[in-house]
Amino acid sequence: MDLPERKKKILQAIIRTYLETGEPVGSRTISKFTDLKLSSATIRNEMSDLEEMGLIVQPHTSAGRIPTDKGYRLYVDELLEEKNRQVDDMKSMLLEHEDKLENLLKQAAKLLANNTNYASMISMPTVGGNKIKFIQLSQVDVHHVLAVIVIEGNLVRNSMIEVNEVFDSETLLKLNMLLNSALDGLTVESINLGLIAAIKKQAGIHSELVSHVMDAAAEAIQTDEKPEIYTSGADNIFRYPELADQSRASQIIGDFEEKEVLGNIVRNTLEDSDQKGIQVYIGDEVPSAGKGMEDCSVVTTTYDLGDGMKGTIGIVGPKRMDYDKVVDALKNVMHQLEDYYKK
């Protein structure tokens, strides 16, 4: 049913008020809470139309109105459609944003390598201390429910859950409301056994689905153990005689290609980011240094995009690198990234 906007807002106000109070809703109550700025008389006329359409009913004379099943159905369908639209819009925005950020980081890595004549690395941001912002359950087919989990930093995680039944819209709406009211703003450490048991109890016969969603949510807010790392200027290593030996240079190039050592550097930097600004690793101090990196120095810092989103910027070069120049270059790129992103 395609209702005019004014009638739709009045119906929504009636249903929301009735859900909160459990009492029939009168025109004066609606006039106080809607943004339509209509008189009580106009609202009464609109309510009469809604009653004729079978969307609300007057339980007895001189009482307010309550929603009918038909009214609930229209309300639920509109609500689910709006939530799905919000999730789709958010996905599109985040995908576009992620592409822009990837290009930005690649350009920053190249700029660092060119300006310092050393090798550079920049990791995609991960979200530390992730918190749940929103969960949306949708039936995909008779055997699957899709859980869309939005976490801090507006990152979207999807989890396909196998089920043995078809859930109607009202049931999914109630489960969405239950999960969001219980989990909104929580970190993985906050989701304990007591909370899980309480949510499952409220879910009743649908506790198995809720259990799978909780598992998916806990997995979604775990920090990514292998962040994407962009590198540039690895061939600058050959500029320095102490690193230009074929076997040593090959080892360093290999570390840049395989990125295992770089990943350890990223994790180390992020773990200490609250206590330290610029971090310098010399020779054997480099986390999991191989035969190549033990002859290098690595200088890193953390950039912070807000909402818990942090990444690592690093320079790799000989131990006799120009530390003053490197520190200035890292700070400059860090501030540029943070300023550009927050715009």
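**Entry 1**

I note that the model is a predicted one. Glu 102 is also partly exposed, with a relative accessible area of 25%. The side chains of Glu 102 and Lys 106 form a salt bridge, at 3.0 Å from N to O. Both residues belong to helix α4 and stand four residues apart, about one turn of the helix.

**Entry 2: other salt bridges**

I recorded a count of seven salt bridges.

I then turned to Glu 51 and Arg 65, whose side chains meet in a salt bridge of 3.1 Å, N to O. This pair links distant parts of the chain, with Glu 51 in helix α3 and Arg 65 in the loop between β1 and β2, 14 residues apart. Is Arg 65 buried or exposed? I found Arg 65 buried, at 13% relative accessible area, whereas Glu 51 is partly exposed at 28%.

**Entry 3: helices α5 and α6**

I looked up how α5 (residues 169-183) packs with α6 (residues 193-203): the angle is about 160° and the axes are 11 Å apart. The angle therefore makes α5 roughly antiparallel to α6. The crossing of α5 past α6 is right-handed. Among the residues making the contact are Leu 175 and Leu 179 of α5 and Ile 199 of α6. I recorded the contact residues as eight nonpolar, one polar and no charged.

Notes: Residues numbered from 1 in each chain as written. Predicted model: local features only at pLDDT ≥ 70, side-chain atom pairs only at ≥ 80, totals over all residues. Heavy atoms only, no water. Axes fitted to C-alpha atoms, helices over the stretch in contact; angles between N-to-C directions. Helix = DSSP H or I, 4+ residues; strand = E, 2+ residues; numbered from the N terminus. Parallel < 35°, antiparallel > 145°, perpendicular 65-115°, else oblique. Left-handed = near helix turned anticlockwise from the far one by under 90°. Contact = heavy atoms within 4.5 Å. Nonpolar A, V, L, I, M, F, W, Y, C, P; charged D, E, K, R; others polar. Salt bridge = Lys/Arg side-chain N within 4 Å of Asp/Glu carboxyl O. Buried < 20%, exposed > 50% of the residue type's maximum accessible area, 1.4 Å probe, protein only.
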